[in-house]
Structure formats: structure tokens, C-alpha cells
Amino acid sequence: MKTTTGTPIPRLLALLMLLTSISAFAYDFQVDGLCYNIISNRKGLKIVEVTYLDYVNGNPNYVNGVVEIPSEVTYDDNTYNVVRIGSNAFNNCSALTSITIPNSVTTIEKEAFINCDQITSVTIPNSVTSIGRYSFLGCTSLTSVIIPNSVTTIEEYAFSRSGLTSVTIPNSVTTIEWSTFERCSSLASVTIPNSVTTIGRCAFEDCNALTSITIANSVTNIEAYAFRGSGLTSVTIPNSVTTIEPQVFYYCDHLETIEVQCEIPPFCHDAFSEHHYTNATLYIPRGTIDAYKAHLSWQDFANIVEKDFSGIGTIGAEEESVVRVSVENGTVTVTGLEPMQPITVCDIQGRTVYTGSEHRIGDLASGMYILRAGDKALKFTI
């Protein structure tokens, strides 16, 4: 029987050490202080991503100051398009203050700018479709960001624990993922578009400066802990919501006004605390008080008040004799306005169905609508 010797082991160790030293560098080349990985080197498809210098012990490429990423870069007689900000590309670059991303980039990968705590400005172009998880987590000096309509995905914790004071979510996004804005303690203003259907778990947890929010009339599900520990004093829940998961509003100690626009009481299990049941006022649509008082999810509120949620002030008696809306065979006719006076018609969800100066409008579906003309507003039904 042949005896195994120890000779191959040192050789194996030497080979492993060599491989480790080679793979310690995460980049293929450097240009002007930035590192790049080649994604494709094929003719007609030469593309790269921005990456970090070295992954040993998690060390990134420590760039600083104002950085403008080029849309293309030339190396070794090849010109590459820059299409991606790679994972950890600027991880912990604490001296980075501003970053400009070119229109060639489509993806910001996970942890791309994590803990860049001095970055104050980010320009995200309308070529970007995806913002990866943890990408701006811990960017405590980042107070505002414009997310373009090209973005369809904002992943978990993307802006968590950042310094954002306001954010507008584009109408290309359908889900606010888990903890996307969690612990953004300065976040005071949020615009949620009508494209969003789900507000994810812990999405706005511990957002202390967030005192009020209007949830878009497309949201059907508010997941657990979504607003737990936030500074909300009022909240409006649209009639599209069917489910409110546990502890959504726990520890919202200043929440006093809860408006639920749902004609059918939504399922709501343990979303509110005892403090809310005793001290907050629950506003519900007119004619639904019996349904809410009989519903296990809502019957514990001590203060329930019916309200008209149309948001439309009624036209006064004198004006009402002048401005009229009539409907015949599906055609709406508005009278009592100046000729060619601009009008806007919205459905009850707030979506504009007509705007212009014609006072005869056809092809509207059956339902309730709101007519606006100058400072006047009037509800009508087809």
C-alpha cells in the first residue's frame, strides 16, 4: 500500500495562498481613482461596474469629496459603458460628500453607499431602475434625494437610518419594501403615489419626525410595524385598504386622529394600542358607524365619529343656482360657467379623467365624480 506523504499539503497551502492573494482585489482596473469590474468584454457589449478596491477585511475604495462617475471609461484600448454601481462600491467612504451617477447606469447594487455618513447629495438619473438593499443605509447627512420615475424597485433598508427629511416615491414603485425608511429620524414628509399597493414591514418604523401621512388610495395592505414608534399625530387610511397587520401603529404616542375612509371596515388585528382606543378619535364614512361598532377590529375605540371624506366643500346656495351639472345618455353638461372656462373632472380616487375648456364631456363610466372650476367644486354621479 502506498503511503501518503506530507509533500502535497505545503503545495496546496501555497496554491490557496496564491489564489487568495489574487482574488483579494475585486477590481479589474482603475481609472482616475475609481475601480471597475468588467461585466462583458464582447465586441459590441463592453460594459463595466464601479466597484471597490479591495475586499480583504471589508475594505472599500476610499474615495472622498465630490465624485462624478463617468458614463464610459477607457482602459487598455477598450472603451466600456458604465452600467452599474456594484455591491459595496463606496462602502464606508466617510469622506465622500457628493456623488453624481451617469445616465448609463441602470442599477445601484446592495450596500453601494452604506455608511457614507458625510454624503449630502446624490443625483440618481432616470436610467436607474433598481436601488439595492442597504444601498444608502446609514447616510446620516443625506437629507434629500430625488428618485426618478424609472425606478421600479427600492429594496429593503435602502434608505434606512439616513438623514432624509422628505422623500417622494415615484409612481413606478408598487411596494415599499421592509424597513426602507426605518429609523429615518428626520423624515417629516412622505409622498406615496397611487401605484403603491403594499407598505412593507417596518417601512417607516421609528420615523420620529413623521407627524402625518396620507396613504395613497391604491394601498391594499399595510404590513406589521410599518409605522411603529413614529411621530404620527394623524393618519388617513384610504378605502382601498383591506388589511392592517399587527402593531402598525404601536408606540405612536401622539396619534390622535385616525381617518378610515373604508365603507367596509378593513381587517385590523392588534394594530393600535390601548392608548389609541381611549384617547384617539376614529373618523369613518357616514352611514357606517353600526358596522364599525360591530367589527372586532374597531369596536374598542371609545370615540367614533362619522365624516364626509370627499374633501369637497359644497357650493353655496347662491352659486348652486348658477353652476349645474346635468347628465343625459352618459354625456355630462356643465352650465353656469364663463365660456371656455377651464374645468377638471376627477373620479372619487382623485384620478383626473378630463381637463380642458369644453363643458360637454362624454364617455365617462358610471360612478361618482368631482368637478373643479376655479375655486369651485361640485360632486356629481353618472
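**Figure 1. Thr107 is a buried residue of the predicted model.** Thr107 has a relative accessible area of 18% and therefore counts as buried; buried means under 20% relative accessible area, exposed over 50%, and partly exposed in between, with a 1.4 Å probe and protein chains only. Thr107 belongs to strand S8 (residues 107-108). Strands (E, at least two residues) and helices (H or I, at least four) are DSSP runs, numbered from the N terminus. Leaving aside residues up to four places away in sequence, Thr107 touches Val83, Arg84, Ile85 and Ser130; a contact means heavy atoms within 4.5 Å. This is a predicted model, in which local features need pLDDT of at least 70 and side-chain atom pairs count only at pLDDT 80 or more, while totals for chains, interfaces and linings use all residues. Residues are numbered from 1 along each chain as its sequence is written, and side-chain values use heavy atoms, with hydrogens and water left out.

**Figure 2. The whole chain provides the setting for the close-up views.** The chain has four helices and 31 strands. Of its 382 residues, 45% are buried. Among contacts between residues at least 6 apart in sequence, 36% join residues at least 24 apart.

**Figure 3. Three strands form an open parallel sheet.** The order of the strands is S4-S7-S9, and their pairing is parallel; two strands pair if DSSP finds at least two bridges between them. Strand S4 (65-68) and strand S9 (121-123) are the edge strands, each pairing on one side only. On average, neighbouring strands of this sheet are turned by 15 degrees against each other, direction ignored. Such angles run from 0 to 180 degrees between N-to-C directions, and the axes are lines fitted to C-alpha atoms, for helices over the stretch in contact. Strand S7 (residues 96-100) pairs with S9 in the parallel sense over three bridges. Ser98 stands opposite Ser121 in S9.

**Figure 4. The largest nonpolar core contains 84 residues.** A nonpolar core is a set of buried Ala, Val, Leu, Ile, Met, Phe, Trp, Tyr and Cys residues joined through side-chain atoms within 4.5 Å. Which residues touch the most other members of this core? They are Ile85, Phe90, Phe113, Ile131, Phe204, Phe227 and Phe249. Several strands each supply at least two residues, among them strand S2 (34-42), strand S3 (45-51) and strand S6 (78-85). The largest share, three residues, comes from S6. Not counting residues up to four places away in sequence, the contacts of Ile131 include Ile108, Ile124, Phe136, Ile147 and Phe159. A second, separate core of 13 residues includes Val332, Ile343, Tyr354 and Leu371.

**Figure 5. Salt bridges join charged side chains.** Side chains of opposite charge can pair when their charged atoms come close. A salt bridge is a side-chain nitrogen of Lys or Arg within 4 Å of a carboxyl oxygen of Asp or Glu, and the structure holds seven salt bridges. In the pair Arg183 and Asp206, the closest N and O atoms are 4.0 Å apart. Arg183 lies in the loop between strand S14 (175-176) and strand S15 (189-191), and Asp206 in the loop between strand S16 (198-199) and strand S17 (212-214), so the pair ties together parts that are 23 residues apart in sequence. Arg183 is partly exposed at 42% relative accessibility, and Asp206 is partly exposed at 27%. Arg161, Glu182, Arg183 and Asp206 are linked in a network of salt bridges.

**Figure 6. Glu259 and Lys307 meet in a salt bridge.** The N to O distance between their side chains is 2.4 Å. Glu259 in strand S21 and Lys307 in strand S24 (residues 303-307) are 48 residues apart, and the pair links distant parts of the chain. Is Glu259 buried or exposed? Glu259 counts as buried at 14% relative accessibility, whereas Lys307 counts as partly exposed at 29%.

Figure 7. A disulfide is a covalent bond between the sulfur atoms of two cysteines. In this model, a disulfide is a pair of cysteine sulfur atoms within 2.5 Å, and by this rule the count comes to zero. Cys139 is buried at 0% relative accessibility.
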